[in-house]
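Open your viewer and get ready to click along. Each stop tells you what to select and what you will find there.

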Amino acid sequence: MELRMASLGHISLDGSKFKASSSKHKAMSYGRLKSREAELSAEIDELIKKASLSDQQEDDTYKEANGYSIPEDLQFKQERLKKIKAAKEALEKREKALNPDEPIDDKKQISFADHDARIMSKKGYCEYSYNAQISVDGDHQIIIGQHISQQANDIQEVEPALNVLSETTGGATVDKMSMDNGYFSGPNLHALEQRNIDSYIATDRGEKPAEEALENSDRKFVKADFAYDAEADVFVCPANERLIANPLSKAKRKSYRASKEVCRECPYRSRCSGSKKEPGRVIRTDRFESARQAMNKKMESTEAKSVYERRKVIAEPPFGQIKNSGFRVFSLRGKEKVAAEFSLVCTAHNIKKFVKATTTGLIRLDDVKKVKEAA
């Protein structure tokens with residue numbers, strides 16, 4: 001920053017998946033772990049009973065080579081059970097940290113090689129990976145902050161990224177931040193709002209207003225056609241009917257429904273509710289709907305679109321440069337070691353940018369010496 005290669009004027013946050021040092025063929029689901037643990041425990045108990053009975057019989061029955069098959073089999077199964085229990089405990093610990101209020105789905109998987117890696121989809125192909133996040137300065141593509149996530153999506157990554165930025169910059173203020181629509185979520189918008197950061201996030205397709213006006217077409221209704229009244233916490237439909245929040249909705253996801261009786265007789269029903277059996281229109285959102293609406297409105301402006309356009313030349317190139325340099329798979333295992341490895345990768349990227357700046361005359365070696373002496 002002292003060499004003016006980074007100013008925090010425009011930071012762009014982006015994520016990319018990198019393969020973990022593991023294989024999906026060396027993994028097991030939570031449901032299978034539980035059943036296999038029970039099976040092995042029963043088999044071990046049975047082998048112990050057989051071994052006890054064998055000890056009471058004549059020794060010459062087990063002096064031959066066959067006589068050692070029971071203890072060898074027992075040892076193998078005990079080692080296998082130990083690995084199964086360790087993987088099961090690691091999966092439970094991981095899911096409790098990531099989803100503390102939700103029961104563990106039996107389909108959740110864990111790798112025996114790397115307990116921290118998670119199955120993630122990339123271009124239709126699933127493999128054990130980590131979600132690497134970088135915050136890139138808009139001046140010269142310097143990576144200002146980075147962290148490793150175990151989440152397959154980016155809907156919870158803004159707050160960790162901001163915490164890292166604060167640490168690496170000594171609490172310096174970020175002027176603007178831009179992100180793709182993968183970051184368009186209530187928690188992310190709330191985190192940016194709490195830090196008073198001028199943010200630009202591409203909104204989801206389902207959140208955007210339709211190009212054609214309702215009165216000029218026979219198109220289907222979209223969410224943006226329903227006005228949100230933050231004070232009353234209701235949505236108002238184009239027919240001026242209120243959609244009220246369901247009191248039984250989950251804390252993370254609220255559900256708003258219109259009266260079935262009113263919707264059944266509504267002239268807009270064919271354009272609004274897609275269900276013939278359930279005429280009442282339902283809109284689902286979270287407690288951050290006001291922030292969503294504000295970002296939707298903001299991103300419609302020409303100025304916001306102009307700022308957001310720069311994102312593709314700020315955060316995306318560093319990932320391309322890192323992967324083209326040959327780094328596509330982590331060599332280490334475990335989140336802590338993977339985070340250290342990725343930190344080195346980002347440092348190498350920044351050094352390359354620094355060397356290029358000195359060789360092209362962007363920064364002078366005299367300035368480098370002054371900064372070094374001051375440090």
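The tour below goes from the core to a helix, a loop, a hairpin, the salt bridges and the cysteines.

Before you start: this is a predicted model, in which local features need pLDDT of at least 70 and side-chain atom pairs count only at pLDDT 80 or more, while totals for chains, interfaces and linings use all residues. Residues are numbered from 1 along each chain as its sequence is written, and side-chain values use heavy atoms, with hydrogens and water left out.

**Stop 1: the core.** Select Val-158, Leu-162, Met-177, Met-179, Leu-192 and Ile-201, the residues with the most contacts inside the largest nonpolar core, which has 32 residues. Such a core is a set of buried Ala, Val, Leu, Ile, Met, Phe, Trp, Tyr and Cys residues joined through side-chain atoms within 4.5 Å. Buried means under 20% relative accessible area, exposed over 50%, and partly exposed in between, with a 1.4 Å probe and protein chains only. Helix 3 gives the most to this core, with 4 residues. Helices (H or I, at least four residues) and strands (E, at least two) are DSSP runs numbered from the N terminus. Now center on Leu-192: beyond four places in sequence, Leu-192 touches Val-158, Leu-162, Met-177, Met-179, Ile-197, Ser-199 and Ile-201. Contact here means heavy atoms within 4.5 Å. Apart from this core lies another, of 20 residues, with Ala-20, Val-136, Ala-315 and Phe-330 among them.

**Stop 2: helix 7.** Pick out Glu-289, Ala-291, Arg-292, Met-295 and Asn-296, the buried residues of helix 7. They sit on the same side of the helix because they cover an arc of only 160° around its axis, taken from the directions from the helix axis to the C-beta atoms. Their cover includes helix 4 (186-194), strand 8 (198-201), strand 9 (227-229), strand 10 (234-236) and strand 13 (282-285). Zoom in on Asn-296, whose relative accessibility is 10%.

**Stop 3: a loop residue.** Asp-175 lies in the loop between helix 3 (158-169) and strand 7 (176-179). Asp-175 is partly exposed, at 45% relative accessibility. Show its surroundings and you will see contacts with Leu-8, Gly-9, Ile-197 and Asp-198, not counting residues up to four places away in sequence.

**Stop 4: a hairpin.** Strand 4 (118-122) and strand 5 (125-137) run antiparallel, joined by 5 bridges; strands pair if DSSP finds at least two bridges between them. The turn of this hairpin has 2 residues, and Lys-123 there has a positive phi of about 55°. Arg-118 has Ser-129 of strand 5 as its bridge partner.

**Stop 5: salt bridges.** Stay on Arg-118, whose side chain meets that of Glu-95 in a salt bridge (3.6 Å, N to O). The term means a side-chain nitrogen of Lys or Arg within 4 Å of a carboxyl oxygen of Asp or Glu. Glu-95 is in helix 2 (69-98), 23 residues from Arg-118, and both are buried.

**Stop 6: the cysteines.** How many disulfides does the whole structure hold? The search finds 0, with a disulfide being a pair of cysteine sulfur atoms within 2.5 Å. For Cys-263, the nearest cysteine sulfur is that of Cys-272, 6.0 Å away.
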